[in-house]
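Q: Hi! Could you walk me through this one while I have it open?

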Amino acid sequence: MSTLDASTIKKVIVACDAGMGSSVMLAGQLSSALAPYSVKVQHAPVNQIPDDADVVLCQQGLVARAKAVKPDKPVLGFTMFLGDPVFDKLQKAIRDGGDLEY
Amino acid sequence: MTRADEATSPTPADQPAESRMSRAKTAIQRFGGNLAGMVMPNIGAFIAWGLITALFIPTGWWPNETLAQLVDPMIKFLLPVLIGYTGGKLVHDQRGAVVGAVATVGVAVGSDVPMFLGAMIVGPLGGWLIKLFDTKIGHRASSSFRMLVDNFSAGIIGGLLAVAGMLAIGPVVRTLTGWLGDGVQFLVDNALLPLASLIIEPAKVLFLNNAINHGVLSQLGVSESAQTGKSIYFLMETNPGPGLGILIACLLFGPRMMRASAPGAMIIHFFGGIHEIYFPYVLARPRLILAAIAGGASGVLTFFLFEAGTTATPAPGSIIALMAVTPKGGHLGVLAGVAVATLVSFLVASLLLGFGRAEKARELQEQVAAGGPVDDKR
């Protein structure tokens with residue numbers, strides 16, 4: 001477990017296999033939730049995670065691939081696409097500042 | 001890539017089996033992801049081709065000889081070239097894309113089948129060769145000659161690859177495609193096609209859905225559809241029935257956490273076509289994969305009996321996309337396959353969830369195991 005200062009997060013990348021389906025849906029939901037804290041949320045294929053990502057979110061099954069592509073980026077894996085506690089954790093950490101475990 | 005893998009995974013000696021398994025899974029996912037990555041950005045063009053085919057061919061909604069001329073060049077040249085272009089682009093941006101596209105023309109011209117597989121090989125190959133040139137030789141050119149070197153290196157490498165593609169790579173790929181087609185034809189002739197669900201459904205929930213569909217099944221489908229106007233292969237992975245059945249079963253009999261999110265997931269899955277949404281439900285209760293397989297196989301069988309098919313890949317696998325690319329007169333068969341798959345998968349999933357009893361017992365057990373009094377928590 002390492003930690004990340006949540007107040008430094010400016011850009012969240014949601015990654016999925018193709019970067020066209022589930023990641024677009026999740027990025028849409030998250031970006032409205034995180035807009036008040038001026039955090040940008042974008043989607044990407046897991047093979048093409050952009051360099052300026054502060055945090056990467058992807059389904060547990062794709063975490064190994066995300067880490068292989070960007071070994072130095074914090075990757076948060078979630079299980080469910082709807083209502084996973086990881087989304088709340090991220091939002092809470094960004095709202096309150098403080099450390100985010102990953 | 002391998003270096004990164006070694007850095008992040010635990011030492012192989014500790015857990016050889018598991019880490020080798022998960023590494024293999026990651027490798028397959030990445031390979032499949034690259035295949036799908038060449039096709040998926042171009043799905044719009046596939047759908048344009050599918051709609052034009054469904055409308056204007058002699059058996060279509062509005063047969064029109066003039067407009068039907070669009071069908072053949074689109075499938076034989078436009079789509080493979082787009083795939084080769086995107087494949088080159090994945091390797092080396094715009095320069096890779098240009099060389100990949102030129103190289104693809106070499107395999108596409110003179111082929112009587114749509115050269116998707118060939119495009120997936122020569123596209124990235126072209127991108128890789130021009131990347132090799134740029135990093136080894138091209139960067140040494142002085143800046144005043146840079147444009148000359150850049151343009152002619154891309155032109156010469158692309159041209160050579162097109163020639164090699166036409167004379168050497170094309171015939172080899174055609175032979176391979178022929179063998180693959182024969183193998184699949186064997187399954188079709190012996191009515192064994194539903195067995196494919198044994199592979200398709202488990203691969204799907206391991207996030208190999210795009211690789212299976214766009215890497216394998218749509219290749220087969222496009223060849224068949226170009227000849228007969230429709231193909232069952234497009235339906236085998238994209239059928240939203242198995243996932244819908246599982247989600248309904250989870251809504252009624254699933255664990256508490258699943259029940260809450262199932263209705264939203266059903267809409268996103270069935271109408272939005274984002275199948276990924278049901279994978280976690282199966283991964284959380286792995287025996288549900290049996291429901292997906294049973295649903296998928298019975299769906300394929302139903303499609304087979306109705307001789308159902310679609311003209312192009314319904315992507316995403318939403319019921320709306322399925323209906324849109326179904327040829328005239330084929331809607332009943334497609335709907336029947338989706339309905340049967342949903343019903344079978346729902347029944348099997350409900351059985352596997354013990355019609356709710358198993359989950360209630362499990363929740364109770366977890367509460368007791370957590371040490372709390374059974375009733376206090378809720």
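A: Happy to: helix α10 (residues 241-253) of chain B packs with α15(B) at an angle of about 40°, with the axes 7 Å apart. That makes α10(B) oblique to α15(B); angles under 35 degrees count as roughly parallel, over 145 as roughly antiparallel, 65 to 115 as roughly perpendicular and the rest as oblique. Axes here are lines fitted to C-alpha atoms, for helices over the stretch in contact, and angles run from 0 to 180 degrees between N-to-C directions. Helices (H or I, at least four residues) and strands (E, at least two) are DSSP runs, numbered from the N terminus. This is a predicted model: local features need pLDDT of at least 70, side-chain atom pairs count only at pLDDT 80 or more, and totals for chains, interfaces and linings use all residues. Residues are numbered from 1 along each chain as its sequence is written, while chains are lettered from A and ligands numbered from 1 in the order in which they are written.

Q: Which way does α10(B) pass α15(B), left-handed or right-handed?

A: The crossing is right-handed, that is, the near helix is turned clockwise from the far one by less than a right angle, anticlockwise being left-handed.

Q: At what angle do α13(B) and α15(B) cross?

A: Roughly 155°, with the axes of α13 (residues 289-305) and α15 (residues 331-352) of chain B coming within 7 Å. The two helices are therefore roughly antiparallel to each other, and their crossing is right-handed. Residues in the contact include B:G295, B:G296 and B:G299 of α13(B) and B:G337 and B:A341 of α15(B); contact means that the C-beta atoms, placed from the backbone, lie within 7 Å.

Q: Zooming out, how many helices and strands in chain B?

A: Chain B comes to 16 helices and zero strands. Its C-alpha trace spans about 80 × 60 × 35 Å along the principal axes. Of its 378 residues, 52% are buried, meaning 20 or more other C-beta atoms within 10 Å of a residue's own; 12 or fewer is exposed, and in between is partly exposed, with C-beta atoms placed from the backbone.

Q: What about chain A, what order do the strands of its sheet take?

A: Four strands run β3-β2-β4-β5 in an open sheet with parallel pairing. At the edges are β3 (40-45) and β5 (75-78) of chain A, each pairing on one side only. Strand β2 (residues 11-16) and β3 of chain A pair over six bridges, where pairing needs at least two DSSP bridges between the strands. A:V12 stands opposite A:V41 in β3(A).

Q: How many residues of chain A are in contact with chain B?

A: 23 residues of chain A, which touch 27 of chain B. Helix α2(A) gives the most to the chain A side, with four residues.

Q: Is A:S38 buried or exposed?

A: Exposed, because A:S38 has 8 C-beta neighbours inside 10 Å.

Notes:
Contact = placed C-beta atoms within 7 Å.
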